[in-house]
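I opened this entry to look up how the chains meet one another. My notes follow in the order in which I checked things.

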Protein chains: 4
Amino acid sequence: MKAAFEAGIKLGALYHQFVGTPISPKTINVMKEAIERSISNQPYVRRVRVEINEGLVKKSLNVFGYSELRGDMLSAVVEVEYEGCVVVAELKYEESLEYPLMRLVSVREGGGPG
Amino acid sequence: MKAAFEAGIKLGALYHQFVGTPISPKTINVMKEAIERSISNQPYVRRVRVEINEGLVKKSLNVFGYSELRGDMLSAVVEVEYEGCVVVAELKYEESLEYPLMRLVSVREGGGPG
Amino acid sequence: MKAAFEAGIKLGALYHQFVGTPISPKTINVMKEAIERSISNQPYVRRVRVEINEGLVKKSLNVFGYSELRGDMLSAVVEVEYEGCVVVAELKYEESLEYPLMRLVSVREGGGPG
Amino acid sequence: MKAAFEAGIKLGALYHQFVGTPISPKTINVMKEAIERSISNQPYVRRVRVEINEGLVKKSLNVFGYSELRGDMLSAVVEVEYEGCVVVAELKYEESLEYPLMRLVSVREGGGPG
């Protein structure tokens with residue numbers, strides 16, 4: 001329960017901290033790494049992986065040659081451990097809903113070394 | 001589990017969307033209401049209450065007569081319902097840790113009309 | 001010069017602080033007022049007016065009945081005074097560029113009571 | 001005038017996009033680079049330099065071993081060129097004011113190769 005709560009915090013934080021950031025194809029990699037490592041600072045995080053959809057960034061370039069990070073460009077997986085419970089959660093744009101959906105992917109309760 | 005995850009998302013979003021906002025004693029009320037109603041738009045939310053510590057805002061005024069919303073000024077309670085499970089979670093600055101702690105307050109599993 | 005610089009700061013701050021905020025038709029008014037009053041806290045500001053395009057918010061509602069504040073929904077006018085120079089600047093989505101353009105609207109140099 | 005306006009936009013954007021980001025000594029470099037390159041995407045920017053005060057980050061670590069990017073930790077220099085006018089502006093925490101001050105450093109009007 002607490003691990004799921006913590007995973008939710010990380011995805012909510014990630015999304016609302018970084019959406020709106022100016023982005024272009026040549027800054028995708030550094031932004032992806034900065035987001036991963038920034039969110040990895042938060043408590044109980046074991047792993048953060050971020051993807052930024054390069055095709056969509058390219059399609060979205062404005063007249064000045066850049067775009068802004070939007071929910072449909074961004075996907076993320078976070079793995080959180082709290083008192084032996086490991087939760088994996090993801091943010092992924094769900095085309096059918098036109099919505100950046102956050103969902104629990106797996107929950108592994110306690111037991112043994114993480 | 002899913003309700004706790006959703007509650008985490010709301011608190012992470014609330015914090016990272018609004019921290020850094022210029023604030024002064026006379027704009028506390030409108031900002032508090034805007035945050036509450038903004039986050040209430042998100043899925044599964046039943047209630048959001050936000051408090052902004054007026055004393056701390058006043059103590060933190062800069063030479064231009066305002067401050068910025070920081071974690072130590074901000075507290076929030078969110079109530080989320082997912083498939084009959086109601087979770088209450090809060091954000092509250094924990095003096096002993098000097099940290100804006102987010103925690104689960106109560107979990108009421110399914111059963112009956114919410 | 002300095003007034004124009006200050007006006008730019010306000011528009012950059014306004015945009016990047018609030019883009020990404022959850023929004024729906026019923027929270028447009030409180031968000032508009034919160035943005036106006038929040039940015040009015042900043043130095044040298046005489047006036048901030050914000051509009052959020054209700055039609056576009058309605059058209060952009062997701063399956064959960066809300067949207068996020070985006071640059072194409074948002075327009076703003078800020079009036080800044082610095083040492084007698086009054087600058088009006090605006091943020092407005094420029095359809096032809098598909099870009100939330102910020103531009104100087106007028107500059108009135110010094111002289112007389114503001 | 002327009003170059004000064006543009007420089008203001010960049011500093012306002014930089015500040016309000018990234019303040020609140022989780023940070024620790026080991027993520028300073030990637031965050032610094034991500035901010036520089038992200039803001040460099042914006043129109044008319046020639047150069048962005050960001051510094052994050054490592055000593056202050058270390059002093060501000062919470063019980064979980066990280067902090068949040070705050071105005072007093074952050075300094076930046078942006079160089080903007082608009083129609084031959086080059087403006088350098090900076091964000092720097094002013095200890096005497098306890099304020100993250102943004103100011104024009106130099107303005108070089110048109111003429112010759114930038």
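Predicted model: local features only at pLDDT ≥ 70, side-chain atom pairs only at ≥ 80, totals over all residues.

Entry one, chains D and A. By that criterion, I found that the contact takes 22 residues from chain D and 22 residues from chain A. The area buried between chain D and chain A comes to about 2000 Å², and carbon and sulfur atoms give 58% of it. Looking for the residues that contribute to this on one side, I noted that Gln17(D), Val30(D) and Asn41(D) supply 30% of the area that chain D buries against chain A, which is more than any other three residues. I then looked for salt bridges between chain D and chain A, and the count is zero.

Entry two, chains A and C. Here 15 residues of chain A are in contact with 15 residues of chain C, and the buried area is about 1100 Å², with 61% from carbon and sulfur atoms. My search for salt bridges across the interface of chain A and chain C also gave zero.

I looked up helix α2 (residues 28-40) of chain B and helix α2 (residues 28-40) of chain C, whose axes come within 9 Å and cross at roughly 140°. That angle makes α2(B) oblique to α2(C), and I recorded the crossing as left-handed. On the α2(B) side the contact is made by Val30(B), Met31(B), Glu33(B), Ala34(B), Arg37(B) and Ser38(B), and on the α2(C) side by Val30(C), Met31(C), Glu33(C), Ala34(C), Arg37(C) and Ser38(C). I sorted the residues of this contact into six nonpolar, two polar and four charged.

Key
Residues numbered from 1 in each chain as written. Chains lettered and ligands numbered in written order. Heavy atoms only, no water. Axes fitted to C-alpha atoms, helices over the stretch in contact; angles between N-to-C directions. Helix = DSSP H or I, 4+ residues; strand = E, 2+ residues; numbered from the N terminus. Parallel < 35°, antiparallel > 145°, perpendicular 65-115°, else oblique. Left-handed = near helix turned anticlockwise from the far one by under 90°. Contact = heavy atoms within 4.5 Å. Nonpolar A, V, L, I, M, F, W, Y, C, P; charged D, E, K, R; others polar. Buried area = accessible area lost by both parts, 1.4 Å probe. Salt bridge = Lys/Arg side-chain N within 4 Å of Asp/Glu carboxyl O.
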